[in-house]
Amino acid sequence: SGGCGNTASATAIFTATHSCGNSTSTTATFTIEDTTAPTIDTPAADQTVECDGSGNASALAAWLSNNGGASASDVCSGVNWTNNYTGLSDGCGNTGAATVIFTATDSCGNSTSTTATFTIEDTTSPTIDTPAADQTVECDGSGNASALAAWLSNNGGASASDICSGVNWTNNYTG
């Protein structure tokens, strides 16, 4: 009779008969079982990618569907992969990470796991789209404080962008 994977059992009746024709019988079952978990041949590997500003969805999906690069085998049946991915942690901007457990399960329900982390990092500085511009104003006799404050708060007319997050401006003006 068929079991899971390549397991099975068979019952046989063994009969002993002597030369006068009398016999007696005994019954026994031969069973092939699978209690051994699949073997992780290649463990899952961590992957770090540069932030693309859109959550790196395709890179994450490819990593998950490839089981983090892991492979497994089982001598008695095939292997089915699952994982426990639920989402990325919240990092700065659109960065984050997820530690994922990849589980290989054979046809008989035996399983083994491997763990790896997918990380989105931002190591790219913002881009200056418009550089700061010098400004010259006519002396107003009181230090031109409002013109200076406006120029500083406008970052000297500069603009910047970053694909992974917003941009915060600072300056080193001291007086």
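Predicted model: local features only at pLDDT ≥ 70, side-chain atom pairs only at ≥ 80, totals over all residues.

Q: How many disulfides does the structure hold?
A: It holds two. One joins Cys4 to Cys108, with an S to S distance of 1.8 Å. In the other, Cys51 and Cys164 have their sulfur atoms 2.1 Å apart.

Q: Where do Cys4 and Cys108 lie?
A: Cys4 is in the segment before S1, and Cys108 is in the loop between S7 and S8, so the bond ties together parts that are 104 residues apart in sequence.

Q: And where are Cys51 and Cys164?
A: Cys51 sits in the loop between strand S4 (47-50) and H1, while Cys164 is in the segment after strand S10 (159-161). This pair therefore links parts 113 residues apart in sequence.

Q: What is the handedness of each link?
A: The link of Cys4 and Cys108 is right-handed, with 100° about the S-S bond. For Cys51 and Cys164 the torsion is about 95°, so that disulfide is right-handed.

Q: Buried or exposed: what about Cys51?
A: Cys51 counts as buried, at 4% relative accessibility, because the cut-off for buried is under 20%.

Q: What is the pairing order along the chain?
A: With the bonded cysteines numbered in sequence order, the pairing is 1-3, 2-4.

Q: What about Cys76?
A: Cys76 is in no disulfide; the nearest cysteine sulfur is that of Cys108, 5.3 Å away. Cys76 is buried, with a relative accessible area of 12%.

Q: Change of topic. Which residues of H1 are buried?
A: Leu60, Trp63 and Leu64 are the buried residues of H1. They cover an arc of only 95° around the axis, which puts them on the same side of the helix.

Q: Why would residues spaced like that point the same way?
A: An α-helix has 3.6 residues a turn, so residues three or four places apart point the same way.

Q: What is on the other side of H1?
A: Ser58 and Ser65 are there, and they are exposed.

Q: What do the buried residues of H1 pack against?
A: They pack against S4, strand S6 (79-83), S7 and S8.

Q: Which residues have the most contacts inside the largest nonpolar core?
A: Trp63, Leu64, Val100, Phe102 and Phe118 do, in a core of 14 residues. The elements giving two or more residues to this core are helix H1 (57-65), strand S7 (96-106) and strand S8 (111-121).

Q: What is Trp63 in contact with?
A: Leaving aside neighbours within four places in sequence, its contacts include Ala45, Val100, Phe102 and Phe118.

Q: Last topic: how many bridges are there between S1 and S2?
A: Strand S1 (residues 8-17) and strand S2 (residues 23-32) pair over ten bridges, in the antiparallel sense. Ala8 has Ile32 in S2 as its bridge partner.

Q: What sits between the strands of that hairpin?
A: There are five residues between them, and Gly21 in this hairpin takes a positive phi near 95°.

Technical notes. Residues numbered from 1 in each chain as written. Heavy atoms only, no water. Core = buried A, V, L, I, M, F, W, Y, C linked by side-chain atoms within 4.5 Å. Buried < 20%, exposed > 50% of the residue type's maximum accessible area, 1.4 Å probe, protein only. Helix = DSSP H or I, 4+ residues; strand = E, 2+ residues; numbered from the N terminus. Contact = heavy atoms within 4.5 Å. Pairing = 2+ DSSP bridges. Disulfide = S-S within 2.5 Å. Arc of directions from axis to C-beta.
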